[in-house]
Amino acid sequence: MTRTTGEAETMTVKESPEAVAQVLQHALVGDDLPDSFTLLGREWSLHRGVFPSTLSAATEVMASIVPYPEGGSFLEVGCGTGVISVTAALNGCTSVTALDINEKAVANTTANAERHGVSDRVRVLHSDMYTALDPTDRFDAIFWNVPWTYVEDDFSLSTDLHSAVFDPGYQGQARYVAGAHEHLADGGRLLLGTADLGDRERLDAVVEEAGLRVELLRRVRRIEEVRVMEYHMLELHAK
């Protein structure tokens with residue numbers, strides 16, 4: 001795997017799946033969760049059963065640093081509340097497609113696209129990775145803020161919300177990388193958002209197997225409640 005300058009020192013920080021599961025449990029049943037939140041200077045609707053975009057700074061950071069193809073088409077895998085897809089439309093993308101395996105996330109993204117007046121440019125589909133796309137669909141940029149918490153292949157995803165955080169064996173990331181070429185326009189960009197909590201060695205192996213290389217576009221450090229998080233915006237290129 002070829003790394004760009006400054007990337008080699010990236011460290012992986014381990015996170016307990018049990019600790020993450022406790023956060024998810026609160027997101028599922030906590031009676032103190034609001035039905036909206038403020039992010040990037042805008043108000044957003046939050047549906048119960050969708051990963052709250054303010055539990056960490058990940059959504060805010062990624063939405064702020066994604067290189068949106070102004071005047072072009074943008075695909076987001078795992079849209080959640082829809083912050084990134086809606087922001088893409090607000091930042092000049094003429095066509096945005098948002099995918100999520102969680103039907104509640106599909107409804108949440110649809111609601112936020114309507115709330116911010118971009119429903120004419122944001123198409124939201126219930127999809128397991130790329131399955132809902134037409135074979136002819138092509139995009140100038142494809143992005144996924146991946147569920148970076150690594151767990152073993154046999155880990156049970158007991159709810160749709162678990163798939164927003166856990167990626168058993170990094171099988172989801174492997175499918176994302178392997179299938180993207182079928183939907184990238186000529187010159188299109190394949191982007192991936194992750195963090196130092198992810199297993200970077202496994203991700204590198206996935207990318208290597210697909211015949212690609214990784215470029216670190218941005219590194220953003222944020223002070224959060226329990227630690228300093230480091231978020232990474234990556235771009236995957238043909239060798």
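Asparagine 145 stands opposite glycine 193 in strand 9, and phenylalanine 143 stands opposite leucine 191 in that strand. Strand 6 (residues 139–145) and strand 9 (residues 184–195) run parallel and are joined by 6 bridges; two strands are taken to pair if DSSP finds at least two bridges between them. Helices (H or I, at least four residues) and strands (E, at least two) are DSSP runs, numbered from the N terminus. The model is a predicted one, in which local features need pLDDT of at least 70 and side-chain atom pairs count only at pLDDT 80 or more, while totals for chains, interfaces and linings use all residues. Residues are numbered from 1 along each chain as its sequence is written, and side-chain values use heavy atoms, with hydrogens and water left out.

The chain contains 6 helices and 11 strands. Of its 239 residues, 50% are buried, where buried means under 20% relative accessible area, exposed over 50%, and partly exposed in between (1.4 Å probe, protein chains only). The chain exposes about 11,000 Å², of which carbon and sulfur atoms supply 48%; accessible areas come from the Shrake-Rupley method with a 1.4 Å probe, and for residues only the protein chains shown count as cover. Contact is defined as heavy atoms within 4.5 Å. Among contacts between residues at least 6 apart in sequence, 66% join residues at least 24 apart.

Seven strands form an open sheet with mixed pairing, in the order 5-4-3-6-9-11-10. Strand 5 (122–126) and strand 10 (212–223) stand at the edges with a single partner strand each, so one side of each lacks a neighbour in the sheet. On average, neighbouring strands of this sheet are turned by 20 degrees against each other, direction ignored. Axes are lines fitted to C-alpha atoms, for helices over the stretch in contact, and angles run from 0 to 180 degrees between N-to-C directions. Strand 3 and strand 6 run parallel and are joined by 4 bridges; here valine 77 has tryptophan 144 of strand 6 as its bridge partner. Strand 6 is mostly covered, with 6 of its 7 residues buried.

Helix 2 (residues 58–65) lies across strand 6, strand 9, strand 10 and strand 11 (228–238), and runs at about 40 degrees to strand 11. Helix 5 (residues 171–180) packs on the sheet and touches strand 3, strand 6, strand 9, strand 10 and strand 11. The direction of helix 5 makes about 175 degrees with that of strand 6.

The largest nonpolar core has 64 residues. Such a core is a set of buried Ala, Val, Leu, Ile, Met, Phe, Trp, Tyr and Cys residues joined through side-chain atoms within 4.5 Å. Phe74, Tyr130, Ile142, Trp148, Tyr176 and Tyr231 have the most contacts inside it. Leaving aside neighbours within four places in sequence, tyrosine 130 is in contact with residues including Leu75, Val77, Ile142, Tyr176 and His183.

Buried polar side chains were also found. Glutamate 76, in strand 3, counts as buried at 2% relative accessibility. Its side chain makes a polar contact of 2.6 Å with the side chain of serine 85. A polar contact is a pair of N or O atoms within 3.5 Å; within protein, one must be able to donate a hydrogen and the other to accept it, and residues adjacent in sequence count only if both atoms are side-chain atoms. Threonine 81 lies in the loop between strand 3 (73–77) and helix 3 (83–90) and is buried, with a relative accessible area of 2%. The side chains of threonine 81 and serine 53 are joined by a polar contact of 2.5 Å.

Positive phi values occur at two non-glycine positions described here. Methionine 129, in the loop between strand 5 and strand 6, has a phi near 55 degrees and is buried, at 9% relative accessible area. Tyrosine 170, in the loop between strand 8 (166–168) and helix 5, has a phi of about 55 degrees and is buried at 2% relative accessibility.
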